[in-house]
Every structure is written in structure tokens, then in C-alpha cells.
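Colleague: Could you walk me through how to read burial and charge pairing in a model?
Modeller: Happy to; let's look together.

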Amino acid sequence: MVYRIYVERRKGFDAEAAALARDLRENLLLDGLRGVRVLNRYDVEGVTREIFDAAGPTVFSEPQTDIISDTFSIGNDDYMLAVEYLPGQFDQRADSCAQCIQLITRSERPHVRTARIYIFSGELSDEQREKIKSYIINPVESREASLELPDTLDMPYEEPDDVAVLDGFRVADPEAIIKKYGLAMDAADVRFCQSYFESRHRDPTMTELRMIDTYWSDHCRHTTFLTELRSVEAEDEYIKETLQDYLERRAELYDSQGKKRPVSLMDLGTIAAKLLKKSGVLDDLDESDEINACSIKIKADVDGEEQDWLLMFKNETHNHPTEIEPFGGSATCLGGAIRDPLSGRAYVYQAMRVTGAADPRTPVADTIPGKLPQSKLTVGAANGYSSYGNQIGLATGLVTELYHPRYAAKRMEIGAVVGAAPAENVVRHKPQPGDVVILLGGRTGRDGCGGATGSSKAHNAESLSSCGAEVQKGNPPEERKLQRLFRNPEVSRLIVRCNDFGAGGVSVAIGELADGLSIDLDRVPKKYEGLDGTELAISESQERMAVVVRPGDAARFCELAARENLEATVVATVTAEPELTMNWRGKRIVSLSREF
């Protein structure tokens with residue numbers, strides 16, 4: 001059976017409802033709105049009635065502040081709106097409730113689904129009610145929910161088709177391919193792919209095309225910053241002086257090494273460190289084949305004893321995801337920044353946040369078509385960042401919000417973190433054929449499919465309603481478990497190489513670990529059934545790590561992970577051949593040479 005319960009804050013504790021009422025009056029100019037009620041609805045399947053009733057005052061509510069009921073009443077003229085996450089989006093409230101009930105029963109985890117019920121009282125026209133609905137429901141992440149009690153919470157799914165081979169790809173018009181599949185690549189990239197697959201005497205699979213599009217997206221490859229600049233003009237004198245200084249330093253650095261390197265923004269941004277290294281003053285830089293956070297060798301005073309430590313720092317920009325889904329985009333901005341030092345086995349202990357927005361007092365009516373109101377962006381992003389930071393236990397020492405009219409065109413959202421680890425706990429080796437890759441942490445879902453390529457494309461008025469799957473939902477308690485696990489010296493020293501799951505999912509996080517890899521997508525743990533091979537390969541679901549260990553260490557690593565309530569599954573093997581292959585349903589759906 002499916003059991004249902006409603007939870008509403010008591011008067012005096014209903015701060016969220018009062019804030020929403022104030023927000024609607026100010027931003028939508030709803031003078032006739034008298035009040036707002038907010039109820040959380042919980043549907044549960046897989047438990048007895050006794051367990052469900054016991055969870056009411058312990059899991060679903062706090063008796064001191066909440067009212068629990070099986071039903072609720074509304075006035076004749078009240079407007080009611082039920083909202084739920086889109087299918088496939090991660091619902092942290094539901095997930096946390098399911099885990100808590102499992103702790104009570106010590107048996108299988110039940111199904112839990114949640115929704116929000118909003119009740120608006122006052123004189124509201126049909127037009128005003130539609131305004132409220134469009135203001136509250138962001139089509140990127142949520143939808144209007146049914147009021148009916150479902151027979152089951154199992155998600156219906158169709159058995160996915162086999163991954164298609166793109167017949168005719170090698171001879172098709174590149175621009176037509178880009179338009180048909182919504183690629184972030186340009187025509188030259190497509191022609192290069194056509195040449196490669198011509199040399200292989202076959203057309204690519206859909207998974208291969210999506211994977212290449214991810215790897216070569218601006219997000220992953222930094223195409224814009226690596227673009228060759230053949231002509232640069234500067235108007236201001238001090239910019240001319242800086243440019244001339246850069247060109248002279250380039251000549252000094254590369255001519256002596258016999259290197260030919262194009263002028264680019266990436267070169268401009270990295271040349272200072274190269275010069276410092278050449279001059280011998282960057283001897284504290286910790287260099288390795290891993291591509292996680294910047295790592296520096298330091299001496300740390302630990303209870304009066306000087307020890308060798310590694311200091312790591314990283315920043316993440318989530319301009320695009322925060323613009324289309326403020327809470328989730330900002331939360332995963334911080335979560336993504338944490339994952340890089342964490343994959344370097346460092347404990348992250350401090351953060352800062354820098355954001356750019358247009359005037360949040362701008363009337364909703366003046367919002368650019370296809371964009372969210374600046375007030376929703378600003379407040380939603382602040383809530384998302386603080387929610388993630390508070391749940392994982394991370395202090396943010398600096399928060400700066402920059403307001404400028406031009407940020408209406410594109411939001412800025414930056415999270416930066418710093419972490420550290422004892423140097424003796426960070427062991428980095430070269431993966432050898434036969435080593436295994438363990439997928440650690442969260443399960444894989446559709447959330448985050450196409451995030452890297454989505455943030456690399458130009459967007460228009462329809463983007464808000466068409467980019468839903470591109471924004472991941474953060475799961476900070478899961479990442480907190482990863483932090484605890486990696487602080488265990490035994491765990492850290494078993495790791496040969498580690499990579500965090502961000503843009504590109506399995507294809508990139510595992511694909512970057514070694515030159516030769518064989519990945520079995522059938523072994524990837526899933527949040528739900530119905531995912532096809534391409535989705536399993538490129539999903540950017542959060543709070544996951546890819547860890548290379550020696551074959552004999554895999555069982556012990558998985559055992560230690562289980563102690564932190566973390567799933568750990570061997571999903572790939574390092575191979576001698578420099579080829580990346582993926583199998584799904586026993587069929588080869590990816591086979592790409594490392595050189596390509």
C-alpha cells in the first residue's frame with residue numbers, strides 16, 4: 001500500500017509561508033493576497049502501517065513545530081497548487097526520509113515521494129493564479145503534481161532500445177549533424193570525427209558522438225580559452241604594456257625551449273606559473289598525472305610537530321546551471337569545487353562565494369523573456385549554496401555579491417575552496433593493466449545528462465524549458481561520507497589514482513584515469529531502471545568518485561567504504577591497449593583510440 005501524510009508548520013513557525021507571501025506581494029504585486037500555507041506531502045510504499053505511523057513524529061515532522069494530518073481543508077475561494085520534482089530528478093527530502101525509515105526498520109529501504117502543497121487565500125484572478133504558478137514552478141526541475149493517491153510509487157519505465165549506430169554519419173553535412181543532435185561541437189570538429197570514423201570503416205554510435213561532444217565541449221576542453229589569437233588590439237595604455245610584457249615573456253620562455261605555442265587566453269593565464277617554475281621559485285608545487293585541484297607542498301604545525309602536508313585549492317563556476325535552476329546550480333557549484341581537492345584525498349575546510357547578478361529589485365514584469373527573475377536567481381542561489389555548505393559542514397569565510405545591469409544577460413556564480421591532507425596519505429602511482437576502477441558513492445540517474453555541452457552552447461528564450469536534465473541535484477550528506485572515508489589513511493593509501501565525477505560522468509571521470517580502459521556499464525549502480533547506455537555513460541549525477549586500486553585491494557576498499565554506508569562497485573579494468581571501450585547489454589557501444 002501507499003500511505004500519505006501532510007506536514008504543516010504551526011503558526012509562529014511558518015516562516016517559509018510568510019516569506020513566500022511577502023515575496024509574491026512585492027514581486028507579483030498581488031495586493032489581494034491575504035496569506036499562504038505550505039504543506040509537505042509524503043507518500044510512502046514498502047512499510048507497514050505501524051512503521052508509517054511511528055515515522056510521523058520522528059522522521060516526517062518535529063512535534064514541537066509541526067502539525068501532522070491525513071488530510072487538510074481549504075476555503076472555497078482559496079487557490080491550491082501541488083508541485084513535485086520532475087521524474088528522474090534527485091529529491092533529497094525523499095531520500096533522507098527513506099534512509100531514516102530504513103534505520104528504524106533495519107530492512108529494505110522504502111519508496112518515498114514528496115510534493116509541496118501551496119494554499120493561497122485572498123482575492124486572486126485567474127490571470128494572477130497563472131502568474132503564481134509560473135513564478136513557483138521552474139520547468140527545469142519541477143511540475144504540477146496530481147492530488148490523487150497513486151496505487152504504487154514504482155516509476156514506470158520502458159525498456160530502452162539498443163544504442164543506435166548513426167548510419168550515414170561519415171558522409172552527412174556537418175551543420176545538419178550539429179542541428180539534428182544539438183551538439184556543442186562546431187563543423188570543423190564534426191569533419192574531424194568523420195575522418196576518424198572513415199579510417200575505422202564504420203559510423204559512430206550515439207554514445208560515441210555524445211561522449212566526444214562532451215569531451216570537446218567548451219566546458220571540458222576550454223575551447224574558447226585555447227583559441228589562437230592572431231591579432232590583438234588594446235586601447236588602454238596599461239593594457240598595451242601588459243600585453244607587450246606577456247609577448248616578451250612568451251618569447252623568453254618558449255624560444256629557449258624550441259616550442260611553438262599559439263597566443264591564447266589560456267597561455268596568458270598560465271604563463272606566470274611557467275615562468276616561476278623556470279626560474280626555480282616554484283619548487284613547492286606538487287606535480288602529478290592526476291588532474292584534480294592545484295596542490296602545494298607545505299610544512300604544517302600539528303600539535304607542535306612540523307609535518308609535510310599538501311595544501312589544495314580549487315574554484316568552480318556554475319554560471320549556466322545557476323541561471324536556469326538557482327538552488328541546484330549554486331549548491332552543486334560548491335559541491336563540485338569540494339570534489340576536486342577531495343579526489344586529491346584532501347579534507348576541504350573553508351570556502352568563499354563570489355556572485356554577479358543584476359538588480360534583484362527589478363520588477364518581475366521586466367524580466368528578459370526566457371530567463372528567471374533576478375530576485376529568484378539571487379535568493380534561490382544563496383539558499384542553495386548555504387544549504388549545501390551547512391549540510392556538509394563547510395565554513396564560508398567570504399561572500400561577495402556584485403550587482404551590475406550586465407549580469408542580467410548572464411549570471412556569475414563562483415565557489416572556491418581550500419583543503420589539506422598529510423603528504424604521507426597521498427600516494428599516486430601509474431595505473432597498470434589489470435588494475436580495477438571502483439565507482440564510489442551516489443548512484444547514476446538522468447540528472448545532469450548534457451550539463452557540460454549545455455553550458456557550452458548559446459542559449460535562447462526556449463532554453464529554460466528545454467535544459468531540465470542538465471542541472472544536477474546535490475546530495476551533500478553523501479559527499480560528507482566521502483570526506484570521512486578519504487580521511488582514513490588506510491583508504492587513502494590504497495588509491496592508485498582518483499578522479500571526481502563532474503562533467504561527462506562515467507565517460508570522462510573514468511575515461512581520464514588511464515590510456516586503456518574497458519568499462520562495463522551494466523555494473524554501474526542506477527537510481528532507477530530505464531536508463532540506456534548513453535545516459536549511463538554521460539550522466540553527471542553528483543557525489544561520485546572513480547578510484548583505481550590494485551586488483552588485490554578492491555575487496556578491502558569496498559569493505560571500508562561499506563563502513564561509511566557508501567556503495568562501491570568495480571565497473572572497469574585498466575587495459576594495455578590505449579583504447580577506451582564501453583560495453584552495455586554485452587554489446588560494444590564505445591571504442592575510441594586514446595590518440596583520437
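Colleague: Is T355 buried or exposed?
Modeller: A word on the source first: this is a predicted model, where local features need pLDDT of at least 70, side-chain atom pairs count only at pLDDT 80 or more, and totals for chains, interfaces and linings use all residues. Residues are numbered from 1 along each chain as its sequence is written, and side-chain values use heavy atoms, with hydrogens and water left out. Buried means under 20% relative accessible area, exposed over 50%, and partly exposed in between (1.4 Å probe, protein chains only). T355 has a relative accessible area of 1%, so T355 is buried.

Colleague: What is T355 in contact with, leaving aside its neighbours within four places in sequence?
Modeller: Contact means heavy atoms within 4.5 Å. By that rule, and with those neighbours set aside, T355 touches T400, E401, L402, R411, M412 and E413.

Colleague: And how many salt bridges does a search of the whole structure find?
Modeller: Side chains of opposite charge can pair when their charged atoms come close. The cut-off is a side-chain nitrogen of Lys or Arg within 4 Å of a carboxyl oxygen of Asp or Glu. The search gives 44.

Colleague: Which residue forms a salt bridge with D286?
Modeller: R428, with the closest N and O atoms 2.7 Å apart. Both D286 and R428 lie in loops, so the pair ties together parts that are 142 residues apart in sequence. D286 is buried at 16% relative accessibility, while R428 is partly exposed at 25%.

Terms used. Helix = DSSP H or I, 4+ residues; strand = E, 2+ residues; numbered from the N terminus.
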